[in-house]
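Trainee: Please take me through this structure. I would like to learn what the terms mean as we go.

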Amino acid sequence: MMTRKMLRSCSLAAALLLTAALQQTALAGPPLLCHPIEIGDAKSLPWAGSNWRDVKKDYDLNRLVADTLALLTPEAPVLTRMETLRRATIYAVWAKRDSEVGITVKSNAVAEELQAKLMERIREAVRLNKNASMALFDAGYLDACYKQAGYTSNINTPSLAEGYAMVRKASHQGGSPEIEFALAIISEHPRQAAHQQHLQKALAGAKDGSLLARNLVKHFGKPGQSLSTLRTQIAAVKQ
């Protein structure tokens with residue numbers, strides 16, 4: 001379960017980032033939740049600020065499932081999907097455990113419903129013989145977020161340990177450097193053998209100045225570091 005100590009580690013990580021430009025490359029804290037994804041001007045769930053848990057305290061949680069599904073269109077970029085699912089997890093799961101957020105979640109109903117709806121999207125894509133890559137990505141990434149939030153679902157879904165496998169399957173059906181970036185973050189905590197490979201693929205496919213490049217440096221590099229320098233640094237790390 002997520003403890004207050006782990007919650008504090010996220011805020012501490014953000015403070016350290018501002019004062020320690022030469023710190024180690026990886027940020028502290030559960031990476032799927034504590035480290036927001038930069039999405040530029042793309043639309044996501046309502047948010048109050050730049051902090052990792054800056055929820056809008058007047059947001060109606062009864063709208064969370066519908067709002068999240070509406071944002072996860074087939075055309076939505078992978079990075080936007082990642083940030084939307086991160087925010088959804090904080091609203092649906094973490095708010096109940098973090099009194100400082102200011103939102104009271106009285107039950108697991110919202111979290112359960114969102115997971116169930118995303119699983120339904122996979123089944124529907126398979127039934128209609130459509131490409132299920134984004135449906136797999138969304139359900140798998142949410143599972144991984146839930147796992148790092150210490151949440152276990154009671155509904156008929158894959159075990160949370162399978163979130164990584166679902167996102168990896170999505171990459172096989174419709175791979176992109178952005179999905180490799182997502183896999184690198186998922187496999188970072190806890191560290192999995194394929195983490196380095198996913199990170200190198202994401203770096204290889206990223207373009208200078210892109211949102212992906214900015215996110216890669218933010219999550220795995222040092223403040224002010226260039227993408228090319230990060231590539232060299234990661235390539236030098238032993239497998």
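**Helices, core and pocket**

Trainee: What makes helix H8 (residues 177–186) count as largely enclosed by the rest of the structure?

Mentor: Eight of its ten residues are buried, so the rest of the structure largely encloses H8. Buried means under 20% relative accessible area, exposed means over 50%, and partly exposed is in between (1.4 Å probe, protein chains only). One thing to keep in mind: this is a predicted model, in which local features need pLDDT of at least 70 and side-chain atom pairs count only at pLDDT 80 or more, while totals for chains, interfaces and linings use all residues. Residues are numbered from 1 along each chain as its sequence is written, and side-chain values use heavy atoms, leaving out hydrogens and water.

Trainee: Which residues of H8 are buried, and what covers them?

Mentor: The buried ones are Ile179, Glu180, Phe181, Ala182, Leu183, Ala184, Ile185 and Ile186. Their cover includes helix H2 (31–34), helix H4 (78–92), H6, helix H7 (163–174), H9 and H10.

Trainee: How many helices and strands does the protein have?

Mentor: There are eleven helices and zero strands. Both are DSSP runs numbered from the N terminus: helices are H or I with at least four residues, strands are E with at least two. As for burial, 51% of the 239 residues in the protein are buried.

Trainee: What share of the contacts joins residues at least 24 apart in sequence?

Mentor: Among contacts between residues at least 6 apart in sequence, the share is 68%. A contact means heavy atoms within 4.5 Å.

Trainee: What makes a group of residues a nonpolar core, and which residues have the most contacts inside the largest one?

Mentor: A nonpolar core is a set of buried Ala, Val, Leu, Ile, Met, Phe, Trp, Tyr and Cys residues joined through side-chain atoms within 4.5 Å. The largest one here has 70 residues, and Met82, Phe137, Tyr141, Phe181 and Leu216 have the most contacts inside it. Helix H6 (residues 133–148) gives the most to this core, with ten residues. In soluble globular proteins, nonpolar side chains tend to be buried together.

Trainee: Which residues does Leu216 touch, leaving aside its neighbours within four places in sequence?

Mentor: Leu216 is in contact with Phe181, Leu199, Ala202, Leu203, Ala206, Gly221, Leu227 and Leu230. Two of these, Leu227 and Leu230, are buried residues of helix H11 (residues 227–235), where Ile234 is buried as well.

Trainee: How do you know that the buried residues of H11 line one face of the helix?

Mentor: Seen down the axis of H11, they fall within an arc of 60°, so they line one face. The arc is that of the directions from the helix axis to the C-beta atoms. On this buried side, H11 packs against helix H9 (195–205) and helix H10 (211–220). The face turned away carries the exposed residues Thr232 and Ala235.

Trainee: Why do Thr232 and Arg231 fall into the classes they do?

Mentor: Thr232 has 55% relative accessibility, so it counts as exposed. Arg231, also found in H11, has 27%, and therefore counts as partly exposed. Beyond its neighbours within four places in sequence, Arg231 is in contact with Leu203, Ala204, Ala206 and Asp208.

Trainee: Is Asn129 buried or exposed, and where is it found?

Mentor: Asn129 is in the loop between H5 and H6, and at 72% relative accessibility it counts as exposed. Its phi is near 60°, a positive value in a residue other than glycine.

Trainee: What lines the second largest pocket?

Mentor: It is lined by 14 residues, and Pro74, Arg121, Ala125, Asn131 and Ala135 lie nearest its centre. Helix H5 (109–127) and H6 are the elements that give two or more residues to this lining, and H6 gives the most, with four. A pocket is an open set of points on a 1 Å grid over the protein atoms alone where a 1.4 Å probe fits, with protein on both sides within 12 Å along at least five of seven lines; lining residues have an atom within 4 Å of a point.
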